[in-house]
Amino acid sequence: GPTFIPGGPGGGPGRGMEAMINGLPEGVRPIFKEKFTAAKPQFDAAREQIRAARKKVADAAEADPFDPAAGDAAFDELQTAMDGVQKIAHQTIGEILPQIPAPQRHQLVEQWSKRWDRFDRKP
């Protein structure tokens, strides 16, 4: 299903964001849409960093002779870039939560729990 994190599988704001927002309880969709749309330039910049880092990973993987240090550095950069997207998402959600009433926050948490359970399940 749609991932909760924009910029996760399925792209960032845009298709992925629509999917994420459509998966939310009705009452919180407008504010999520507003805040995530406002953060779009940050997400776009972070996605550019991911794209650049992926290219470095690919280049390092294909280098002959292979340079393990360059490979490690490229993967580190990719990890940092991906963390950056999550950080922006978390900050954006942090701005949204104080603005929605407790019952709606409860609904959100219920939804997150279902998703987290899916990730936590052992094979």
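This is a predicted model: local features need pLDDT of at least 70, side-chain atom pairs count only at pLDDT 80 or more; totals for chains, interfaces and linings use all residues.
**Entry 1, H3 and H4.** I looked up how helix H3 (residues 40-62) sits against helix H4 (residues 68-96). The two pack at an angle of about 165°, and their axes are 8 Å apart. Angles over 145 degrees count as roughly antiparallel, so I put H3 and H4 down as roughly antiparallel to each other. I noted their crossing as left-handed. Sorted by class, the contact of H3 with H4 has 15 nonpolar, 5 polar and 4 charged residues.

I then checked which residues of helix H2 (residues 29-38) are buried, and found Ile 31, Phe 32, Lys 35 and Phe 36. These cover an arc of only 120° around the axis, so they lie on the same side of H2. Pro 30, Glu 34 and Ala 38 are exposed on the other side of H2.

I counted 8 salt bridges. One of them joins the side chains of Glu 18 and Lys 33, at 2.9 Å from N to O. This pair links distant parts of the chain, with Glu 18 in helix H1 (residues 15-22) and Lys 33 in helix H2, 15 residues apart. Glu 18 is partly exposed at 34% relative accessible area, and Lys 33 is partly exposed at 37%.

I also looked at Arg 29 and Glu 26, whose side chains meet in a salt bridge at 3.7 Å, N to O. Arg 29 is partly exposed at 23% relative accessibility, whereas Glu 26 is exposed at 60%.

In H3, Asp 44 and Arg 47 are 3 residues apart, about one helical turn. Their side chains form a salt bridge of 3.3 Å, N to O. Asp 44 is partly exposed at 27% relative accessible area, and Arg 47 is partly exposed at 22% relative accessibility. Through shared partners, salt bridges join Lys 40, Asp 44 and Arg 47 into one network.

Technical notes: Residues are numbered from 1 along each chain as its sequence is written. Side-chain values use heavy atoms; hydrogens and water are left out. Axes are lines fitted to C-alpha atoms, for helices over the stretch in contact, and angles run from 0 to 180 degrees between N-to-C directions. Helices (H or I, at least four residues) and strands (E, at least two) are DSSP runs, numbered from the N terminus. Angles under 35 degrees count as roughly parallel, over 145 as roughly antiparallel, 65 to 115 as roughly perpendicular and the rest as oblique. A crossing is left-handed if the near helix is turned anticlockwise from the far one by less than a right angle, and right-handed if clockwise. Ala, Val, Leu, Ile, Met, Phe, Trp, Tyr, Cys and Pro count as nonpolar, Asp, Glu, Lys and Arg as charged, and the others, Gly among them, as polar. Buried means under 20% relative accessible area, exposed over 50%, partly exposed in between (1.4 Å probe, protein chains only). The arc is that of the directions from the helix axis to the C-beta atoms. A salt bridge is a side-chain nitrogen of Lys or Arg within 4 Å of a carboxyl oxygen of Asp or Glu.
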